[in-house]
Amino acid sequence: MTSSMTHPSALQDTPLLEVDALLDDPGIRIIVCCGAGGVGKTTTAAALGVRAAERGRRAVVLTIDPARRLAQSMGIDLLDNTPRRVDGIEGDGELHAMMLDMKRTFDEIVEAHADPSRARAILDNPFYQSLSAGFAGTQEYMAMEKLGQLRARDEWDLIVVDTPPSRSALDFLDAPKRLGSFLDGTFIRLLMAPAKMGGRAGMKFLNVGMSMMTGTLGKLLGGQFLRDVQTFVAAMDTMFGGFRTRADATYRLLQAPGTAFLVVAAPERDALREAAYFVERLAAEEMPLAGLVLNRVHGSGAARLSAERALAAAENLDEGRIVDQEAGQAAERGSTGSSPTPSAVEPDSQYTYEPESESGRPSAPPTSQLTAGLLRLHAERMQVLSREQRTRDRFTALHPEVAVTEVAALPGDVHDLAGLRAIGDRLASGGLPAGAA
């Protein structure tokens, strides 16, 4: 999967995130993997679930992943809104996995909190169908709802949550509150007022008190749309308080000692800036942060050779000035079947100078050109390592108290349980494969 190459690490000066201790703690019932989109949250959540189950926990992974990679890597044909057991887990634990179906979760809430006739009126309402399928914040709110449902069932001793792939990590905390405010806000209450007043009083209120507002909204949104909203609001009247109540309850659940947040980030400036914002927000909201997972970190087995020295050596080889006599010339004799000319060899010297080309500059042999190319590749890798190191250092300087673990970059995507186990090993060992020095 990956090599056991080491890399310069900022972890020497920061606490190491002890992943196995976190997974083994029976007091930890919820782990929330959060971070900006595209940093590997889904893979991290799945790997944590596999490792927890194989260490004896009865775990469930709740993911919100449009690509459905999680289902493939866990050997499940299709994940849906129902937790499904994952086969192939080694050890005494169990692993279940599910993928949030945002609309289905919303439908379940309506069906559970409204009588059948009112539930049908809501489910068939065009405004509700639009709201449940893609209203801003709905996905994050429903993720919170589903988390609350799973925790209430008490079937699992560990729930691992893969938060929605939002542009900002903060959307996971902000969106449910925004949606709850919308559903319980002044605008909705105004639309609800005529239906609640009923009869002539309601019509009078609508005609006199709201004529200007509804007329304006009708022009902006369309008369039919406004009628759909009013019908939806009237049908949902008894449920609005429940949305806010459940959102508040789940928020308190996230603040409880049994919850642990893992911020996932790549060693890139924007991702770690986002991670820093999220760390600060968790502290402000008094939510328990376990640490930072630094994903896709690059390494090198020849880190002692700096980029500058590698580039200088490559330039020397390109110009044909310096070639190792014993290695380079022997390779040239073996590949061409001829010996170097006497004029090109200094018997008492460690190095030899090559003949000049037609342009008057020394000409490097093919093996030297290959070596120069490899040196340049190494220099590029060392420059990447240096850039990642500076980025990590900026984060740890701002938040030296945050425990960190690193996960080495993999050459490809994870497609099976073996790949998830390998990720779990790296999570637990701070970046190196288990047993590596």
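**Close-up views of the sheet and helix contacts**

Figure 1. Val32 stands opposite Val161 in β5. The two strands involved, β1 (residues 30-34) and β5 (residues 158-162), pair in the parallel sense over 4 bridges. Strands (E, at least two residues) and helices (H or I, at least four) are DSSP runs, numbered from the N terminus; two strands pair if DSSP finds at least two bridges between them. The structure is a predicted model, in which local features need pLDDT of at least 70 and side-chain atom pairs count only at pLDDT 80 or more, whereas totals for chains, interfaces and linings use all residues. Residues are numbered from 1 along each chain as its sequence is written, and side-chain values use heavy atoms, with hydrogens and water left out.

**Figure 2. The sheet and helix α14.** The sheet is open and has 8 strands, in the order β3-β4-β2-β5-β1-β6-β7-β10, with mixed pairing. Strands β3 (84-85) and β10 (404-408) form its edges, each pairing on one side only. Helix α14 (residues 269-284) packs on the sheet and touches β1, β6 (259-265) and β7 (289-297), where contact means heavy atoms within 4.5 Å. The direction of α14 makes about 160 degrees with that of β6. Axes are lines fitted to C-alpha atoms, for helices over the stretch in contact, and angles run from 0 to 180 degrees between N-to-C directions.

**Figure 3. Two loop residues with positive phi.** Asp154 is not a glycine, yet its phi is positive, at about 55 degrees. Asp154 sits in the loop between α7 and β5. Glu286, also not a glycine, has a positive phi of about 55 degrees. The place of Glu286 is the loop between α14 and β7.

**Figure 4. Helices α2 and α18.** Helix α2 (residues 41-54) packs against helix α18 (residues 417-429) at an angle of about 90 degrees, with the axes 8 Å apart. The two helices are therefore roughly perpendicular to each other; angles under 35 degrees count as roughly parallel, over 145 as roughly antiparallel, 65 to 115 as roughly perpendicular and the rest as oblique. On the α2 side, the contact is made by Thr43, Thr44, Ala46, Ala47, Leu48, Val50, Arg51 and Glu54. On the α18 side, it is made by Leu417, Leu420, Arg421, Ile423, Gly424, Asp425, Leu427 and Ala428. By class, this contact of α2 with α18 has 9 nonpolar, 3 polar and 4 charged residues (Ala, Val, Leu, Ile, Met, Phe, Trp, Tyr, Cys and Pro count as nonpolar, Asp, Glu, Lys and Arg as charged, and the others, Gly among them, as polar).

**Figure 5. Helices α4 and α7.** The axes of α4 (residues 102-113) and α7 (residues 138-153) come within 9 Å and cross at roughly 60 degrees. The pair α4 and α7 is therefore oblique. Met102, Thr105, Phe106, Glu108 and Ile109 of α4 meet Thr138, Gln139, Met142, Glu145, Lys146 and Gln149 of α7. The contact of α4 with α7 has 4 nonpolar, 4 polar and 3 charged residues.

**Figure 6. Helices α4 and α5.** Helix α5 (residues 116-123) packs with α4 at an angle of about 150 degrees, the axes being 8 Å apart. This makes α4 roughly antiparallel to α5. Asp107, Val110 and Glu111 of α4 make the contact with Ala119, Ile122 and Leu123 of α5. In the contact of α4 with α5 there are 4 nonpolar, no polar and 2 charged residues.

**Figure 7. The aromatic pair of Phe106 and Tyr128.** The count of aromatic pairs comes to 2. Rings of Phe, Tyr and Trp (its six-membered ring) pair if their centres lie within 6.5 Å, and planes under 30 degrees apart count as stacked, over 60 as edge-to-face and the rest as tilted. Phe106 and Tyr128 form an edge-to-face pair, with 5.1 Å centre to centre and 75 degrees between the planes. Phe106 lies in α4 and Tyr128 in helix α6 (residues 126-134), so the pair ties together parts that are 22 residues apart in sequence.
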